[in-house]
Amino acid sequence: MKYLIKTWGCQMNALDSDKMAGLLQGMGYQPTEEEREADVILLNTCSVREGPENKVFTELGRLHPLKRHKPLILGLVGCVAQQEKEQVFKRAPYVDLVMGPRGVRHLPELLAQARNQRAIDTQFHDDSILFPDQAIARTNPTKAYITVMEGCNKRCTFCIVPTTRGREVCRPLEDIVKEAHRAVNAGYAEVELLGQNVNCWREGDRGFADLLAAVSDVAGVKRLRFTTSHPRHFPLAAADLMAERENICPYLHLPVQAGSDRVLKLMRRQYDKAWYLELVRRIRERIPHIALSTDVIVGFPTETEEDFQHTLDVVRRVEYDTLFSFRYSPRPDTPAAAMEPVGDAVARERHQRLLDLQMEIQTRRFAAVEGRVVEVLVEGESKKGGQAMGRTRDNKVVNFAAERPVAVNTFVDVRITRSAVNSLVGELA
Ligand code: SAM
Ligand code: F3S
């Protein structure tokens, strides 16, 4: 018996897929890349924007004919499944199984049911956070993702995540630390803590900085990362730790979303531009060499040119090393979907200006690394082939020529000789 899982979206989805793969393997299934060979195909979906959501139904339609040849179980799981619930069976009647992100742990029962009748689980199970991590079939060769919390209690007016992933639940510290030990024993030097609002993790009177300290104390964790941080709750104690501890990587993803106070308020982000810039100043004061990245939404309803200028101003002032930008996409039953849209042409034009600005900043920031020797964790071959590829501690991709073979998951020193917009080029030092 074989399975195939296709994954869209964020790191949490990637980890959910590894969890499902582990459960399937525990049931005796083998992985396959061949659709025709698979007895179970699961599409693990993302609904954060409309584009990927629609693609999933096209994909289901394309896979449907495979069912003519054998008793294939076709499942729609993840955020689109949670959002559409029973509607999935109306839109695609040939789907056998529908499961939300908080149901992952119950996949085996659901699969057994799906053999006889349609199976659906879109409950927000609180025990999903207690997933036995020994069962995870990790696909990332160099990084062990570790769930620390699930769900989100924020109500950003543009965002579907609270609807699809439910209320926040935090994982016990002890379980997280045990998983970090197991990851190290399995050969991982890098771990990344995951949560929609990772810095809202808490247990009794312990907060995110305590969690970070405990995982950083695990012997063998050479690189520790975490995502996603919410600016409103990012504790400066965590920045102090990042400054002090060698193994906590100097890289922080701090989504700003917009620069205008009026828009930030409409988004319900719980900070304004000055507050965010002051947070960045305090973080940089502690960790001057930190690399920052962010998410920006362009063309949020009612956004004026003046509002957008504030976004550009934040980007200019902060000088992010990486920026992920999205045109606003209305999501069902979110407050922003009822607000006045700005129009596609305006949003596209603003998006391009933002990309141009970031390109200019990023080119400069990447060029500043030329001539330096950096520590790289080897991930494999470069995208174009012929070279090795890895990442710096501050998360920049490095492609480098290596005369001697370099093993995946080892550290090497690389002298940077050239830079591009999104990567660095070098040679073994
Ligand atoms: N929890 C994170 C946070 O605090 O921002 C990330 C949530 S979301 C999965 C990832 C990114 O998608 C967001 O930071 C936002 O920039 C973008 N996003 C979310 N909803 C969107 C929408 N309706 N339209 C466009 N982009 C959106
Ligand atoms: Fe979405 Fe805002 Fe939570 S962006 S995931 S509602 S912090």
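1. What radius of gyration would a compact globule of 429 residues have, and what value does the protein chain have? For a compact globule of this length the radius would be near 22 Å, and the protein chain has 22 Å, which agrees. The model under review is a predicted one. Along the principal axes, its C-alpha atoms fill a box of roughly 60 × 55 × 50 Å.

2. The protein chain contains 13 helices and 19 strands. Of the contacts with a separation of 6 or more, 72% are between residues 24 or more positions apart.

3. As to burial and surface, 56% of the 429 residues count as buried. The protein chain exposes about 18700 Å², of which carbon and sulfur atoms supply 49%. Its side chains include 60 positive and 58 negative ones, and the centres of these two sets lie 2 Å apart.

4. Six aromatic pairs are found in a search of the whole structure. In one of them, the ring centres of Phe158 and Phe300 are 6.5 Å apart and the planes stand at 85 degrees, so the pair is edge-to-face. Phe158 belongs to the loop between β8 (149-150) and α6 (161-165), and Phe300 to the loop between β13 (291-298) and α12 (305-318); the pair therefore ties together parts that are 142 residues apart in sequence. Both Phe158 and Phe300 are buried. Ring pairs also link Phe158, Phe300 and Tyr328 into a cluster.

5. Tyr271 and Trp275 form a stacked pair, because their planes are at 25 degrees, with ring centres 6.3 Å apart. Tyr271 is buried, at a relative accessible area of 7%, whereas Trp275 counts as partly exposed at 33% relative accessibility.

Key
Residues are numbered from 1 along each chain as its sequence is written. Chains are lettered from A and ligands numbered from 1 in the order in which they are written. This is a predicted model: local features need pLDDT of at least 70, side-chain atom pairs count only at pLDDT 80 or more; totals for chains, interfaces and linings use all residues. Side-chain values use heavy atoms; hydrogens and water are left out. Helices (H or I, at least four residues) and strands (E, at least two) are DSSP runs, numbered from the N terminus. The radius of gyration is taken over C-alpha atoms; the globule rule is 2.2 Å times the number of residues to the power 0.38. Buried means under 20% relative accessible area, exposed over 50%, partly exposed in between (1.4 Å probe, protein chains only). Contact means heavy atoms within 4.5 Å. Accessible areas come from the Shrake-Rupley method with a 1.4 Å probe; for residues, only the protein chains shown count as cover. Lys and Arg count as positive and Asp and Glu as negative; His and the chain ends are not counted. The place of a charge is taken as NZ of Lys, CZ of Arg, CG of Asp or CD of Glu. Rings of Phe, Tyr and Trp (its six-membered ring) pair if their centres lie within 6.5 Å; planes under 30 degrees apart count as stacked, over 60 as edge-to-face and the rest as tilted.
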